[in-house]
Amino acid sequence: MLNPYKICLLVDDNYIDNFISRRLLESSNFADQIIIRESPAEAIELLQEGIIIPDVIFLDIRMPMMSGFEFLQEYDALPINKEDIKIFMLSSSLDPTDLKESLGNKYITQFIHKPLTLKALEEICP
């Protein structure tokens, strides 16, 4: 259906959310490859080592050990080309501070409320 991207990285500590998001991403043919990491630190490692270069990252905010915002700080320090990577903050947070901080970050393309929907995917496709 959609298939605008090659690699999509989903960073979220919630197994159920990941299951639902993966099913939607696969059924909509959003990307050729969908990679899920429940640990933001593992996702940073993949990026740092050049194991993957995603076109799109869906990033949760509230995760143990490292928040989405802390991920972005680590991401900022990575010696990789970030120009073509779109990051979408995907969160169930209703905290207006989270929304404001997300939209104020130079790497965040858009804030999307969970759960991920087909409509949201269609809106972010080129």
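The model is a predicted one, with local features taken only at pLDDT of at least 70 and side-chain atom pairs only at pLDDT 80 or more, while totals for chains, interfaces and linings use all residues. Residues are numbered from 1 along each chain as its sequence is written, and side-chain values use heavy atoms, leaving out hydrogens and water.

Start with the helices (DSSP runs of H or I, at least four residues, numbered from the N terminus). Helix α2 (residues 40-48) packs against helix α3 (residues 68-77) at about 15°, and their axes sit 10 Å apart; axes are lines fitted to C-alpha atoms over the stretch in contact, and angles run from 0 to 180 degrees between N-to-C directions. The pair therefore counts as roughly parallel, a label for angles under 35 degrees. On the α2 side, Pro 40, Ala 43, Ile 44 and Leu 47 make the contact, and on the α3 side Phe 71, Glu 74 and Tyr 75 do, where contact means heavy atoms within 4.5 Å.

Now for the serine. Ser 93 lies in the loop between strand β4 (86-91) and helix α4 (96-103), strands being DSSP runs of E of at least two residues. Its relative accessibility is 7%, so Ser 93 counts as buried (under 20% relative accessible area, with a 1.4 Å probe and protein chains only). Leaving aside residues up to four places away in sequence, Ser 93 touches Arg 62, Asp 98, Phe 111 and His 113. A polar atom of the Ser 93 side chain lies 3.2 Å from the backbone nitrogen of Asp 95.

Notes: Angles under 35 degrees count as roughly parallel, over 145 as roughly antiparallel, 65 to 115 as roughly perpendicular and the rest as oblique. Buried means under 20% relative accessible area, exposed over 50%, partly exposed in between (1.4 Å probe, protein chains only). A polar contact is a pair of N or O atoms within 3.5 Å; within protein, one must be able to donate a hydrogen and the other to accept it, and residues adjacent in sequence count only if both atoms are side-chain atoms.
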